[in-house]
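Hi everyone, thanks for making time for this. Please have the structure open while I talk, and stop me whenever you like.

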Amino acid sequence: MDILLVGGSNHLMNTMLNKLNKEGHRTYILTGSKTPDSSYENAYEKYRFPYDCDCLKEIFDSVNPDITIFFGAYDSNFNWSDARKESVRYLAGLQNVMTSFATMKKGRLIYLSSGEVYSESFYCDIEEEVETSAIGFRSMTIAQGENICRNYGRTMSLDTIVLRLDHLYDVPDKKMKEEPDICTKMCIEAIRTGRIQASKKQIFSMLYMDDAVEFIYQAMTAEETKRELYHISSGEVLSEMELAELIRQEMGEEIELIDNTVGETFRVVLSNRAFAEEFHLQIFHPAAEVVKKTVKYVKRHKGSYMQEGDTGKGTWDRWRQSMGTIFRAIVPYAENMVCFIPFFMLNNRAVGSEYFANLDFYLLYVLLFAIIYGQQQATFSAILAVAGYCFRQMYNRSGLDVMLDYNTYVWIAQLFILGLIVGYMRDQLQAVRGENEQEIDYLSGQLDDIQDINNSNVRMKNVLEIQIVNQNDSFGKIYEITSSLEQYEPSEVLFYAAEILSRLIGSKDVAIYTVANRSYARLFSSTSAKARELGNSIEYTKFGEMYDKLKEKSVYVNKNMDERYPLMADAIYSEDEMQLILMVWGIPWERMTLSQANMLVVIGYLIQNAVLRANRYLEALENQRYVKGTNILDTGAFTSLVEAYLGAKRKGLTECTILQIEVKDEKFEEAGEALGKLMRQTDYLGKMADNHLYALLSNTDDKDADYVIKRFMETGYASWIREGTSA
């Protein structure tokens, strides 16, 4: 294939070039700059043009690429020192690339983005459907680039893909002048200071560059893709402290770990589930292996990373650095003395000359060094000039005559005054310029701090607004719960209790479990696949801290963000017996507060009251609901129950399967007794209008129903899934 790579030279670009060269593809490079400062090894052809040049369309026509990769977040042409200016240049260049690609109406364009488009913390891995939350010009620009790419794909029916790479890192390369990744930064900090500062609450997942290139290659060569956006991550979740501990173990030195844990947990980990379902996702380089290579490289090139004052330097390094400092201080004086020699010779030749007799070369010499180096060097050059002047005067006169001549002192005064004044002015201008630069840096830092504070204040304001609205509206919500549950049939109450709980708590992931005995609970209803991830049956007594809280009749709050448990849970009791367990996922960290826990308790009590009324109603009709002398529901009761389950199933609140059972000679009582032993407490036997026997299997899909069908057959009763009730 013909492949066009759009980006500056860096390690990712070279790694991609090596991969494509090994696979036998022909690779073209659009460098984005006219400066020929990079070699781009293994590239078939290089086009040294900026992205906004007018001839970009001609380049695309000439290359006619099958695949175009815009390096985006990893393009070394953008240094982001002036973020506002770079943002404009970035988007203008991307627009030109996209329009040139669109005119071809051929091939696929891949835009490389990064996880930095998310600037908020997420308690679970981030799916592609989650909206970006970029803060800052760089991250917002990258996110806008994603939207531009995807919009072109949608509106013009182009094959465009956005790949978000999660915390890309690699073993450093001394040839590449790139911003070091977090692993390399920690290694450098360790050798410079002998310690590493890290936080336990900064959580992320790192992706090794070779693995990233392999995954990008899979997206390139796929015949077609199901999505326009993929997250690519190693799935290996680490905190800063865990990474620092890996580095400390590999250093083999006394490296001190400084616990810098403050504030709230900040977790940004991209979910690679969608990519893994469509492509082959295998991580070949785990973090421990790459950390070992990085530490080895940094230690081998230790001197390259050292700076003045670093405690990690040896005696030889410090002596060499001291000599270097002394040498750099001496250079201006040596240069001054060397330059004095030609001026001394010129002055000697000018004496007695008809044309140059009035030209004072010493004065020019002093002014030159005053302008370049300032007052200090002006003074030194003036001393040398005086010495040279006196030496030349003593060719014809004695030293005493020279010292007694007032013209000598007038000339010396003139020389020093002009030299010192010019040197002083130069020093003052440099000082003013330095102060201005410091003030600009300070004000820029203040502006960044103000922006961060403002973003924090906005988030807090939104949280407080939500709390105030919820508080002011709490009575209305309580009435809504009560009235909503009362309008349903007794058999439907628990299904729609989950739906109402989801709406009022503000989470799409809610599950209600009914307690079967003192150890197990069975899923009754749920609002999402996430809420069903614990399974249809759980041994809740083994849920550790969560069970301890529920046993104490308290609300469990998952403060450690343990993925094995829901974020919040509450138990509903009746006469000191646990009856129901309410579980909630998908709550933002800032809303996991005491007020939210209290809200869950209130909702739990209201659900309990509604369920209690429904149960009492059903108990009152106990004798009327079952066929006399059997455990088989009559036609009316069973039909109502089936309609409730199927209605909840259509809304995604539960899973159920209805089996039709063949009963010979209508011996329903005998069949009910035999089959009832094979069914769970949450399953039902009943008759419908056609006078056939049916089994309602709750929280059971067609696959699980096959197992029940086999058990019924072993007992002598054939059964099958009733038509129109399967998924």
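Let me start with a term: when I say contact, or that residues touch, I mean heavy atoms within 4.5 Å. Now the ground rules. This is a predicted model, where local features need pLDDT of at least 70 and side-chain atom pairs count only at pLDDT 80 or more, while totals for chains, interfaces and linings use all residues. Residues are numbered from 1 along each chain as its sequence is written, and side-chain values use heavy atoms, with hydrogens and water left out.

Let's begin with leucine 109. Leaving out residues up to four places away in sequence, leucine 109 touches Thr68, Val97, Met98, Phe101, Cys149, Asp159, Thr160 and Ile161. Leucine 109 sits in strand E5; helices (H or I, at least four residues) and strands (E, at least two) are DSSP runs, numbered from the N terminus. Is leucine 109 buried or exposed? Its relative accessibility is 0%, so leucine 109 counts as buried. The cut-offs are under 20% relative accessible area for buried, over 50% for exposed, and partly exposed in between, with a 1.4 Å probe and protein chains only.

One of those contacts deserves a visit. Threonine 68 is 41 residues from leucine 109 in sequence, yet their C-alpha atoms are 4.6 Å apart. Threonine 68 belongs to strand E4, residues 67-70, and is buried too, with a relative accessible area of 0%. Beyond its neighbours within four places in sequence, threonine 68 is in contact with Leu4, Val6, Phe60, Phe101, Arg108, Leu109 and Ile110.

On to the cores. In soluble globular proteins, nonpolar side chains tend to be buried together. Here a nonpolar core is a set of buried Ala, Val, Leu, Ile, Met, Phe, Trp, Tyr and Cys residues joined through side-chain atoms within 4.5 Å. The largest one has 74 residues, and the members touching the most others are Leu5, Met16, Ile69, Leu112, Leu163 and Met220.

Now the aromatics. Rings of Phe, Tyr and Trp (its six-membered ring) pair if their centres lie within 6.5 Å; planes under 30 degrees apart are stacked, over 60 edge-to-face, and the rest tilted. How many aromatic pairs does a search of the whole structure find? The search finds 18. In one of these, tyrosine 230 and phenylalanine 279 have ring centres 5.6 Å apart and planes at 70 degrees, so the pair is edge-to-face. Tyrosine 230 is in strand E11 (residues 229-232) and phenylalanine 279 in the loop between helix H8 (273-278) and helix H9 (287-300), so the pair ties together parts 49 residues apart in sequence. Both partners count as buried: tyrosine 230 at 0% relative accessibility, phenylalanine 279 at 12%. Elsewhere, ring pairs link Tyr51, Phe70, Phe78, Trp80, Tyr90 and Tyr111 into a cluster.

Charges meet rings as well. A charge sits over a ring if NZ of Lys or CZ of Arg is within 6 Å of the ring centre and within 35 degrees of the ring normal. Arginine 26 lies over the face of tyrosine 44, 4.9 Å from the ring centre. The charged end of lysine 553 is over the ring of tyrosine 573, at 5.0 Å from its centre. Lysine 553 itself is in the loop between helix H18 (545-551) and strand E18 (556-557). Its phi is near 60 degrees, a positive value in a residue other than glycine, and lysine 553 is partly exposed, with a relative accessible area of 49%.

Lysine 105 has a positive phi as well, near 55 degrees. Lysine 105 lies in the loop between helix H3 (83-104) and strand E5 (108-114), and at 63% relative accessibility it counts as exposed.

My last stop is helix H7. Its buried residues are Glu240, Met241, Leu243, Ala244, Ile247 and Met251. They cover an arc of only 160 degrees around the axis, which puts them on the same side of H7; the arc is that of the directions from the helix axis to the C-beta atoms. Just after H7, glycine 252 takes a positive phi of about 70 degrees.

That's my tour, so over to you for questions.
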